[in-house]
Amino acid sequence: MSHACHKHFEQPKEFKFSAENMKHIEQFIAKYPKGKQQSAIMPLLDLAQRQHDNWIPEAAMEEIARILDVPRIRVFEVATFYTMYNLAPRGKHHLQFCTTTPCWLRGSAEVVSACEKHLGIKLGETTEDGMFTITDVECLGACVNAPVVQRNGDEYYEDLTPENVVKVLDDLKAGKTLEHGSKDGRNKSMSAAGTTTLVEQAGKAGIPVATDAAKGKK
Ligand code: FES
């Protein structure tokens with residue numbers, strides 16, 4: 001059983017930033033010239049989302065417009081443009097799969113299918129237990145480690161396969177803390193065969209060095 005992201009939820013009537021976040025807001029506004037406080041819309045939306053269980057209610061957007069003294073539409077148009085802002089409740093783990101061309105060429109469709117099958121939901125849906133929401137997004141800027149998924153806007157899991165994405169899901173469900181980055185053992189964004197330049201220095205640092213065979217030499 002599942003439900004779509006945008007169903008069955010209520011908008012709170014009011015939203016106030018915490019005292020701590022109000023201090024952050026003062027700092028954000030101070031970064032911009034007088035009269036250009038509109039530029040702080042994005043960090044304030046991010047603060048609202050972090051304070052409010054990973055989604056931004058309409059009341060928060062209205063509060064941001066009030067604080068920055070800008071028309072509400074200025075806040076709404078930013079919030080509705082970027083996929084990093086959630087305008088409805090999400091599962092505990094919001095997984096945003098990149099399906100843009102480089103990730104697609106490296107198997108993102110199969111990764112998404114494995115995820116949908118394992119969780120019993122489709123893209124845009126949340127599991128009945130509220131544990132996972134899965135969505136697809138455009139390029140996450142980590143194409144060198146494609147295919148990639150972003151969790152709750154902060155963590156990237158990379159070099160995904162239909163097999164290792166299922167382990168990611170199971171580990172998250174079990175409450176484990178996952179390492180960011182490659183899930184196939186690759187050292188960050190290094191060549192999958194190991195380093196191919198500065199090999200002497202790499203050897204001294206204990207970083208794997210590509211073999212001649214891996215480099216395509218005879
Ligand atoms: S295309 Fe997927 S991270 Fe760029």
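Analyst: Helices H6 and H7 cross with a right-handed sense. The model is a predicted one. H6 covers residues 108-119 and H7 covers residues 162-173. Their axes come within 8 Å of each other, at a crossing angle of roughly 40°. Angles under 35 degrees would count as roughly parallel, and 65 to 115 as roughly perpendicular, so H6 is classed as oblique to H7.

As for the residues that make the contact, H6 contributes Glu110, Val111, Ala114, Cys115, His118 and Leu119. From H7 come Pro162, Val165, Val166, Leu169 and Asp170. By residue class, the contact of H6 with H7 holds eight nonpolar residues, one polar residue and two charged residues.

The rest of the chain gives the setting. The protein chain has eight helices and seven strands, H6 and H7 being among the helices. Its C-alpha trace spans about 70 × 50 × 30 Å along the principal axes. Of the 218 residues in the protein chain, 40% are buried. When contacts between residues at least 6 apart in sequence are considered, 61% of them join residues at least 24 apart. The accessible surface of the protein chain is about 12800 Å², and carbon and sulfur atoms account for 53% of that surface.

Methods
Residues numbered from 1 in each chain as written. Predicted model: local features only at pLDDT ≥ 70, side-chain atom pairs only at ≥ 80, totals over all residues. Heavy atoms only, no water. Axes fitted to C-alpha atoms, helices over the stretch in contact; angles between N-to-C directions. Helix = DSSP H or I, 4+ residues; strand = E, 2+ residues; numbered from the N terminus. Parallel < 35°, antiparallel > 145°, perpendicular 65-115°, else oblique. Left-handed = near helix turned anticlockwise from the far one by under 90°. Contact = heavy atoms within 4.5 Å. Nonpolar A, V, L, I, M, F, W, Y, C, P; charged D, E, K, R; others polar. Buried < 20%, exposed > 50% of the residue type's maximum accessible area, 1.4 Å probe, protein only. Areas by Shrake-Rupley, 256 points an atom, 1.4 Å probe, with all protein chains shown as cover.
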